[in-house]
Number of protein chains: 4
Amino acid sequence: MIVVLKSNATEEQIKYIVEKTKKLGLKANISRGVERTVIGLIGPEDVLRVTPLEIFPGVEKVIPVLAPYRLVSREFKKENSVIKIGRDVRFGSKKIFVMAGPCSVESAKGMRSIARKVKKAGATVLRGGAFKPRTSPYDFQGLGEEGLKYLSEAGKEFGLATITEVMDTRDLDLICKYADILQIGARNMQNSSLLKEIGKTKKPVMLKRGISATVKEWLMSAEYILSNGNFDVLLCERGIRTFETATRNTFDVNAVALVKQLSHLPVIADPSHGTGVRKLVGNVAKASVAAGCDGLMIEVHDSPEEAFSDGQQSLVPKQFDSLMKDLKKIALAVSREI
Amino acid sequence: MIVVLKSNATEEQIKYIVEKTKKLGLKANISRGVERTVIGLIGPEDVLRVTPLEIFPGVEKVIPVLAPYRLVSREFKKENSVIKIGRDVRFGSKKIFVMAGPCSVESAKGMRSIARKVKKAGATVLRGGAFKPRTSPYDFQGLGEEGLKYLSEAGKEFGLATITEVMDTRDLDLICKYADILQIGARNMQNSSLLKEIGKTKKPVMLKRGISATVKEWLMSAEYILSNGNFDVLLCERGIRTFETATRNTFDVNAVALVKQLSHLPVIADPSHGTGVRKLVGNVAKASVAAGCDGLMIEVHDSPEEAFSDGQQSLVPKQFDSLMKDLKKIALAVSREI
Amino acid sequence: MIVVLKSNATEEQIKYIVEKTKKLGLKANISRGVERTVIGLIGPEDVLRVTPLEIFPGVEKVIPVLAPYRLVSREFKKENSVIKIGRDVRFGSKKIFVMAGPCSVESAKGMRSIARKVKKAGATVLRGGAFKPRTSPYDFQGLGEEGLKYLSEAGKEFGLATITEVMDTRDLDLICKYADILQIGARNMQNSSLLKEIGKTKKPVMLKRGISATVKEWLMSAEYILSNGNFDVLLCERGIRTFETATRNTFDVNAVALVKQLSHLPVIADPSHGTGVRKLVGNVAKASVAAGCDGLMIEVHDSPEEAFSDGQQSLVPKQFDSLMKDLKKIALAVSREI
Amino acid sequence: MIVVLKSNATEEQIKYIVEKTKKLGLKANISRGVERTVIGLIGPEDVLRVTPLEIFPGVEKVIPVLAPYRLVSREFKKENSVIKIGRDVRFGSKKIFVMAGPCSVESAKGMRSIARKVKKAGATVLRGGAFKPRTSPYDFQGLGEEGLKYLSEAGKEFGLATITEVMDTRDLDLICKYADILQIGARNMQNSSLLKEIGKTKKPVMLKRGISATVKEWLMSAEYILSNGNFDVLLCERGIRTFETATRNTFDVNAVALVKQLSHLPVIADPSHGTGVRKLVGNVAKASVAAGCDGLMIEVHDSPEEAFSDGQQSLVPKQFDSLMKDLKKIALAVSREI
């Protein structure tokens with residue numbers, strides 16, 4: 001923690017800060033420049049973070065030095081974490097794994113049909129929402145447990161692991177019974193009650209980045225899960241909110257590359273939400289693989305015109321199949337495989 | 001709903017859209033311009049909203065006509081809603097009510113001391129967090145039920161209504177026992193499970209705007225609460241996230257004025273979070289009153305240097321007292337009172 | 001400048017940095033913490049700012065300590081700068097001055113009509129664009145010198161100072177002949193050629209904040225003008241671009257208060273562009289006065305339905321007159337006058 | 001143009017709008033829904049765009065139907081535009097061309113050294129700034145004509161076309177003498193004087209996207225150039241400003257794919273500014289090729305530690321050489337070449 005003093009800070013004010021911080025167990029290192037005196041504080045970082053030094057007399061600003069996360073950082077663990085799901089899926093390895101399926105689980109028949117097709121195209125995880133977070137209370141809210149069953153059955157039949165979203169701590173036990181991977185959606189990225197509860201389970205979890213979460217906040221939310229004991233966390237970039245309205249979100253391809261450097265956790269890209277526009281999904285999926293992601297999540301629907309949600313960004317199975325072929329080439333070009 | 005067709009859309013494509021939408025119970029009104037054909041769809045708006053017409057062949061874009069919210073709108077209810085709390089508090093009336101107190105409840109003694117001082121200065125509602133949403137899992141997470149008790153006792157002793165945050169559906173019953181107003185924090189603005197459960201209670205609730213929520217999304221979240229039966233909703237503007245980093249958030253003063261026009265619900269301003277900087281709180285509080293807010297929420301702490309959270313944006317009681325005097329003058333200048 | 005080293009930085013790397021920076025005339029102050037070593041660099045700040053220490057081996061990040069601006073800062077000049085225009089106008093004094101007029105100069109008759117009305121309502125500066133920056137090449141681009149004449153004549157007739165926008169260094173001499181205050185528009189806030197040339201004139205200048213400029217960048221652009229010799233600079237907050245689309249821009253009321261603290265220069269608020277919506281202009285104008293602005297710029301047009309530009313955010317003279325009365329009350333409430 | 005009326009709009013108001021717009025040469029198509037009446041206006045789009053229908057009595061909102069640009073659109077020209085520079089460079093063809101060089105021209109010797117190395121690695125255009133737009137007036141402002149000479153000489157010696165930035169209409173003739181491609185920087189994207197003047201030249205020009213420009217505004221700025229007669233325009237995505245501060249900008253990979261669909265003009269990616277972080281440049285360059293860009297601009301400096309500007313995001317020649325090899329593989333994977 002660096003404390004920058006005002007140009008007119010007095011010796012008394014400096015002394016006050018040094019004494020106050022000493023009581024908190026911190027060591028102060030004073031550095032007097034021509035225009036400014038700066039105090040470096042050394043000690044336990046949590047104490048530092050919560051002390052509002054900004055309001056001490058004579059202080060102009062306070063600058064943190066350390067990243068606030070630990071367990072998720074590359075410094076904590078140098079090598080890539082590999083998250084195992086079932087016999088075959090290994091997120092974080094050389095192979096890139098693809099999750100595909102509809103936005104919402106809509107029927108048993110629909111799930112089976114899509115499962116069969118995405119499996120054939122090379123997907124390894126089946127997605128589908130049973131509890132849906134919607135902006136409007138009048139929109140489809142999901143099939144609940146029935147949807148979980150359809151998802152689970154389709155996954156088992158075609159040898160696909162399954163992933164579905166958890167929105168409420170009360171649903172956690174139920175969902176854990178059916179799904180292989182829990183998803184925390186963008187709207188719940190900072191739902192700390194949910195993060196803590198999921199941290200206490202043993203289930204792999206995919207944490208989506210909030211639409212306006214900084215990379216640092218995203219990693220802090222992951223830290224909630226790891227610090228509660230669950231290290232099987234996938235980080236999913238799904239686009240952020242910016243001033244641009246031509247696309248639903250702005251896919252942050254920088255973040256894909258950056259998070260791989262900052263953290264040992266696998267990074268998943270979601271070009272469906274990242275663009276919100278079907279005809280851009282393919283190009284951004286390819287870009288994500290080129291940028292270094294460890295997995296992809298892509299919305300696929302047999303008949304997007306009739307989808308209960310997100311139809312405008314879903315691929316039809318044929319498009320998905322063709323995209324998978326393209327992605328394999330890009331993966332090879334960056335010494336990976338799909 | 002307006003469907004704009006591509007310049008090269010065929011008659012067959014137009015026919016297909018008309019037929020498909022007819023099946024959904026919609027009436028199509030075709031308007032052929034020089035460069036574009038446009039189809040206006042008339043019918044039940046929910047059907048319209050969820051049908052992904054964007055991906056129909058020949059469609060360039062789809063433009064919604066109606067606001068997606070109803071119960072919260074001025075069209076639904078022309079006059080201001082007045083939310084009554086206890087004998088005296090009437091949010092939405094000529095009088096502007098001020099909520100004040102510490103970010104977190106820290107001790108019984110501390111709550112009593114602040115309660116006494118803010119009451120004397122003119123506040124009518126006491127705030128204090130017992131369950132705290134924090135970015136870091138290593139920061140103070142709140143005193144829980146113990147904190148609720150301290151808050152409630154201090155409120156009763158000094159004749160102040162109380163407000164505190166709910167973060168988890170599991171805590172709702174407990175908090176309802178202690179607090180007069182429930183707060184939904186910015187991080188949970190789109191936690192639809194929580195919105196629905198609170199919608200089923202009879203408790204007044206203050207819904208904070210998410211840091212990157214549009215006004216429309218904010219009103220849709222309020223719609224979740226109203227549509228579940230609870231009409232006692234206060235809308236709280238507390239700053240949005242922008243590119244500017246000189247302040248913690250950017251207080252959206254436009255939204256204060258705009259929401260008063262779009263909705264009948266009372267609007268509360270939170271200049272403490274809206275700026276994140278103590279020395280700006282006063283000016284932005286004044287601006288909020290001038291812009292037409294119905295209430296204010298201001299963080300006050302006896303000793304911000306030692307606050308467990310948000311010390312850098314808390315006023316000391318003396319500053320709060322002085323600010324209240326200034327606010328009374330502004331309120332009079334806009335024909336209100338405090 | 002603070003250099004934070006990587007946790008695994010070697011002694012050799014530290015030595016290299018110390019030696020390199022010594023050659024640049026900087027003194028290095030090494031502070032060894034438990035997890036990190038930090039180097040404080042003391043010396044001429046310009047050298048510091050341009051040296052890309054981020055890429056030196058062993059460096060994790062570099063944190064600037066000083067604000068990059070000088071002449072515009074409160075530290076350089078403690079008391080408010082007062083910018084004098086003509087006999088009566090004194091921006092930065094106790095009195096708040098109001099600039100009003102149409103977006104574009106459209107005709108001699110129109111300018112005279114508006115000038116008369118805004119003068120009567122209490123405005124002291126007449127605005128009107130003769131060279132218009134437009135998003136589309138097909139929109140009205142301004143009347144050029146003819147427009148300058150109309151503006152100047154109307155100003156003289158009714159005893160109003162005049163302000164108009166400069167977009168091109170080649171037009172500067174011409175505009176200086178006609179107008180009392182030069183305006184640099186948001187789109188040109190970082191047009192350094194223009195800033196430098198205007199810095200060499202003696203004309204008062206109003207620098208609008210760019211739609212995505214941080215407060216720091218805005219002050220740096222002002223620094224361009226002051227450092228070239230022209231200290232008569234007004235800073236105009238006119239709304240920033242955010243994710244919110246319900247308003248044309250998001251008026252940054254925080255910035256009004258903040259810039260008054262950081263700088264000695266007068267701050268002007270432009271609620272017309274800051275909201276982009278006529279029915280919000282009044283409330284945000286009031287909020288700006290409450291927040292501490294030294295002046296206002298408000299678009300007024302006799303017949304907004306027929307305005308060549310910005311009709312949707314222009315007040316009619318009657319609305320402007322009524323607003324001026326309200327603003328006087330707010331000004332009194334904050335111990336100012338209009 | 002679609003005019004949505006208020007739910008309580010009167011017949012008189014509707015009649016007024018129809019008559020007013022008729023006078024403007026527009027045809028009104030009235031569509032009466034259950035909750036709203038909507039008027040579709042058909043006619044010359046420029047008239048529509050500038051008429052502020054929002055403020056007509058009874059109007060709730062106005063929705064544009066057509067994109068405001070024409071000449072830059074895919075509808076105007078279906079096939080890709082190919083911009084020829086010299087004998088070999090063909091932006092918009094199957095081959096992807098790479099521009100490389102230092103941020104600023106610093107010396108004749110330095111330019112020659114870098115030119116030789118980037119040529120060898122496969123670059124075809126040499127970049128270097130002689131007139132530099134800087135945030136601070138105290139930072140290096142460029143060598144001016146001297147810099148242009150060094151750039152031009154180095155380009156000729158090694159068979160590289162050259163590109164450099166124009167910031168002021170007064171410098172245009174001079175720069176046209178030396179450079180093969182003009183660059184309009186992000187800060188000047190909406191400098192309409194400059195856009196018009198460059199539109200009157202015959203020089204190829206690369207238009208960088210402004211840091212907060214929407215795709216639509218970016219295309220409108222290009223429209224300024226085309227509508228003045230110059231069709232040789234390259235569009236350069238270089239990152240936008242968002243709330244994220246971990247990277248200097250957020251590279252908008254969606255925009256690369258989207259603009260290729262909306263426009264026939266070639267799209268260039270600038271991962272150096274798009275990330276601002278050297279260690280991310282490579283991954284984002286690869287992502288850009290995968291997403292479909294037609295060219296790349298990459299900052300390369302022999303000794304970034306001593307660069308006059310942008311050292312922290314420059315690659316050293318060895319890194320650039322290695323990246324070029326990787327890019328060739330990605331290009332092949334998407335059926336392109338470098």
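This is a predicted model: local features need pLDDT of at least 70, side-chain atom pairs count only at pLDDT 80 or more; totals for chains, interfaces and linings use all residues.
## Chain A at a glance

Of its 338 residues, 60% are buried. If you take the contacts in chain A with a separation of 6 or more, 66% of them are between residues 24 or more positions apart.

## Two domains

Chain A splits into domain 1, covering 2-63, and domain 2, covering 83-333.

## A helix pair in chain A

Now for helices H10 and H11 of chain A, which span residues 278-291 and 317-333. They pack at an angle of about 25 degrees, and their axes are 9 Å apart. Angles under 35 degrees count as roughly parallel, and H10(A) and H11(A) are therefore roughly parallel to each other. The crossing of H10(A) past H11(A) is right-handed.

Which residues make the contact? On the H10(A) side they are A:Gly282, A:Ala285, A:Lys286, A:Val289 and A:Ala290. H11(A) brings A:Leu323, A:Asp326, A:Leu327, A:Ile330 and A:Ala331. Sorted by class, that contact has seven nonpolar, one polar and two charged residues.

## A helix pair in chain B

Over in chain B, have a look at helix H6 (residues 192-199) and helix H7 (residues 215-227). Their axes are 7 Å apart, and the packing angle is about 40 degrees. H6(B) and H7(B) are therefore oblique to each other. As for handedness, H6(B) passes H7(B) in a right-handed crossing.

From H6(B), the contact takes in B:Ser192, B:Leu195, B:Lys196, B:Ile198 and B:Gly199. H7(B) answers with B:Ser221, B:Tyr224, B:Ile225 and B:Ser227. The class breakdown for H6(B) with H7(B) is four nonpolar, four polar and one charged.

## Where chain D meets chain B

Between these two chains, 20 residues of chain D are in contact with 20 residues of chain B. On the chain D side, the elements that give two or more residues are strand E1 (2-5), strand E2 (27-32) and strand E3 (37-42). Which of them gives the most to the side of chain D that touches chain B? That would be E3(D), with three residues.

By class, the side of chain D that touches chain B comes out as nine nonpolar, seven polar and four charged residues.

Most residues other than glycine have a negative phi. Against that background, C:Ser335 is worth a click: its phi is near 60 degrees, a positive value in a residue other than glycine. You'll find C:Ser335 in the segment after helix H11 (317-333) of chain C. Is C:Ser335 buried or exposed? C:Ser335 has 9 C-beta neighbours inside 10 Å, so it counts as exposed, the cut-off for that being 12 or fewer.

Chain D has a positive phi too, with D:Ser335 near 60 degrees. D:Ser335 lies in the segment after helix H11 (317-333) of chain D. With 9 C-beta neighbours inside 10 Å, D:Ser335 counts as exposed.

Key. Residues are numbered from 1 along each chain as its sequence is written. Chains are lettered from A and ligands numbered from 1 in the order in which they are written. Axes are lines fitted to C-alpha atoms, for helices over the stretch in contact, and angles run from 0 to 180 degrees between N-to-C directions. Helices (H or I, at least four residues) and strands (E, at least two) are DSSP runs, numbered from the N terminus. Angles under 35 degrees count as roughly parallel, over 145 as roughly antiparallel, 65 to 115 as roughly perpendicular and the rest as oblique. A crossing is left-handed if the near helix is turned anticlockwise from the far one by less than a right angle, and right-handed if clockwise. Two residues are in contact if their C-beta atoms, placed from the backbone, lie within 7 Å. Ala, Val, Leu, Ile, Met, Phe, Trp, Tyr, Cys and Pro count as nonpolar, Asp, Glu, Lys and Arg as charged, and the others, Gly among them, as polar. A residue is buried if 20 or more other C-beta atoms lie within 10 Å of its own, exposed if 12 or fewer, and partly exposed in between; C-beta atoms are placed from the backbone. Domain bounds come from an automatic or database domain assignment.
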